[in-house]
Amino acid sequence: MSFACIEEVCHSFGSNRVLNAFSLRLESGRFTVLAGRNGSGKTTAARLLNALVIPDRGSVIVDGYDSRDKASVFEIRKRIGLVLQNPENQIVADTVEDDVAFGPENLGLSSDEIRRRVDASLKAVGLYDKRLDNPSSLSGGQKQKLAIAGVLALGPKCIILDESLSMLDRPSRADLLKLIRRLCDEDGIAVLLITHDMEEAAYSDYVYVMDGGSVVMKGSAAEILTDERSLHLHGLRTPVACAAASRLREKGYPVPQDVLTEEDLLSFIGGAAC
Ligand code: ADP
């Protein structure tokens with residue numbers, strides 16, 4: 001059974017129909033991307049998943065809990081951690097470790113358990129050495145890692161990152177993509193990354209593309225990212241490495257379909273040169 005299941009949801013804000021027969025599934029241990037142009041309904045979809053928006057029609061079931069049932073809302077929010085685009089808005093304390101401890105303290109956990117979770121979360125994101133620093137001294141990438149550590153310390157089964165990588169430089173973004181991979185592969189967390197940047201989607205297992213409030217494409221990263229025409233139609237760009245791989249294929253080079261990232265392309269070229 002899927003960890004979370006959005007089924008045929010329709011939702012309007014006033015007279016503006018924002019989601020239209022929208023369906024999506026999240027699986028434990030799977031890195032899913034929800035991509036789409038601005039205004040296509042991605043953030044509303046994220047808000048459905050942690051019961052901040054209750055759908056007008058259709059259903060949202062998270063780990064067996066139905067978001068329409070008021071008694072389920074607490075259970076759903078316990079399971080899903082949401083990381084937003086701007087990490088500044090998520091900082092609440094004067095030291096890195098107090099910031100991460102804030103969530104677990106509100107869960108009423110013992111001080112030993114809070115310590116254990118804070119240390120484990122900071123180690124997972126690579127900020128343990130900075131635990132006594134003031135969050136304001138961190139770089140943008142480190143602040144985003146701090147926000148993720150704060151969510152991890154709550155022990156979620158699912159993490160949603162809403163455009164969380166878009167303001168970061170390339171090295172920070174690469175670090176966070178590796179972290180997401182580890183959370184899926186080693187901890188079995190269901191991750192949903194919301195983005196309009198298909199370079200990020202190249203690292204995922206499964207991609208949904210939405211436009212006008214509905215899913216218009218879905219499939220493995222390789223299936224979606226190599227479909228340049230459809231992506232273009234929905235206002236998205238193929239990753240540079242994918243486009244280069246496709247030009248090479250047109251010229252007769254046997255580049256496999258799963259060459260999606262710069263690393264993949266360089267390793268193919270390196271292999272071909274040997
Ligand atoms: P995306 O994340 O893809 O940019 P959003 O889900 O944020 O899309 O927004 C989709 C549409 O819903 C936009 O037209 C936006 O103005 C509208 N919208 C989102 N949230 C609200 C709200 N709380 N009240 C009214 N309109 C909203």
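Helix α1 buries K42, T44, A45, A46, L48 and L49, where buried means under 20% relative accessible area, exposed over 50% and partly exposed in between, with a 1.4 Å probe and protein chains only as cover. That makes α1 mostly covered, with six of its eight residues buried. The model is predicted: local features need pLDDT of at least 70, side-chain atom pairs count only at pLDDT 80 or more, and totals for chains, interfaces and linings use all residues. Residues are numbered from 1 along each chain as its sequence is written, and side-chain values use heavy atoms, without hydrogens or water. Helices (H or I, at least four residues) and strands (E, at least two) are DSSP runs numbered from the N terminus.

**Ligand shell**

- F13, N16, V18, R37, N38, G39, S40, G41, K42, T43 and T44 surround the ligand; a residue counts as near if one of its heavy atoms lies within 4 Å.
- By class, this shell has two nonpolar, seven polar and two charged residues. Ala, Val, Leu, Ile, Met, Phe, Trp, Tyr, Cys and Pro count as nonpolar, Asp, Glu, Lys and Arg as charged, and the others, Gly among them, as polar.
- Helix α1 supplies the largest share of the shell, three residues.

- G39 places a backbone N or O atom 2.7 Å from a ligand oxygen.
- A polar backbone atom of S40 is 3.1 Å from an oxygen atom of the ligand.
- K42 uses its side chain: a polar atom there lies 2.9 Å from a ligand oxygen.
- On its own the ligand has 560 Å² of accessible area, and the protein covers 58% of that. Areas come from the Shrake-Rupley method with a 1.4 Å probe; for residues, only the protein chains shown count as cover.
- β2 (16-26) and α1 (42-49) are the elements that give two or more residues to the shell.

**Aromatic rings and charges**

- The structure holds one aromatic pair. Rings of Phe, Tyr and Trp (its six-membered ring) pair if their centres lie within 6.5 Å; planes under 30 degrees apart count as stacked, over 60 as edge-to-face and the rest as tilted.
- Y206 and Y208 form that pair edge-to-face, 5.3 Å centre to centre with 65° between the planes.
- Y208 is buried, at 5% relative accessible area.
- R30 sets its charged end over the ring of Y206, 4.3 Å from the centre. The criterion is NZ of Lys or CZ of Arg within 6 Å of the ring centre and within 35 degrees of the ring normal.
- R131 lies over the face of Y128, 4.1 Å from the ring centre.

**A buried serine**

- S121 lies in helix α4 (residues 111-125).
- Its relative accessibility of 5% counts as buried.
- The S121 side chain reaches the backbone nitrogen of A153 at 3.3 Å.

**Positive phi**

- Most residues other than glycine have a negative phi.
- A51 has a positive phi near 65°, and lies in the loop between α1 and β4 (57-62).
- A51 is buried, with a relative accessible area of 6%.
- E8, in strand β1 (residues 4-13), has a positive phi near 50°.
- E8 is partly exposed, at 48% relative accessible area.

Key:
Polar contact = N/O pair within 3.5 Å; in protein donor to acceptor, adjacent residues only side chain to side chain.
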